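Let's walk through this structure together, from the whole chain down to a single residue. Have the sequence and the model open as you read.

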Amino acid sequence: MTMREILFRGKHSKKSRWDCGDLYTNNGKAYITLRDTIRGVRVLGEVIPDTIGQYTGLIDKNGTKIFEGDIV
């Protein structure tokens, strides 16, 4: 049995990009972070809470990961 990768994606609150990594929440704000074995945890940025979706474990025909809320 293979474990599903736990991964979240959310739209950055100030830049027009999607960040992907671990989800961290604090005081009503949501952040996407990356774990790095050398640097520790690195915050990519604050994301808009309504845009957060968890990775489903599936990929589309182009090899792109599918997240909750994606239209396929």
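Of the protein's 72 residues, 25% count as buried, where buried means under 20% relative accessible area, exposed over 50% and partly exposed in between, with a 1.4 Å probe and protein chains only. This is a predicted model, in which local features need pLDDT of at least 70, side-chain atom pairs count only at pLDDT 80 or more, and totals for chains, interfaces and linings use all residues. Residues are numbered from 1 along each chain as its sequence is written, and side-chain values use heavy atoms, with hydrogens and water left out.

Now for the overall build. The protein has six strands and zero helices, so its elements read β-β-β-β-β-β from the N terminus on; both kinds of element are DSSP runs numbered from the N terminus, helices being H or I with at least four residues and strands E with at least two. Along the principal axes, the C-alpha atoms fill a box of roughly 35 × 30 × 20 Å. Among contacts (heavy atoms within 4.5 Å) between residues at least 6 apart in sequence, 38% join residues at least 24 apart.

Let's zoom in on one residue. Thr33 sits in strand S3, which covers residues 29-36. Is Thr33 buried or exposed? Thr33 counts as buried because its relative accessibility is 8%. Setting aside neighbours within four places in sequence, Thr33 is in contact with Gly21, Asp22 and Tyr24, and also with Val41, Arg42, Val43 and Leu44.
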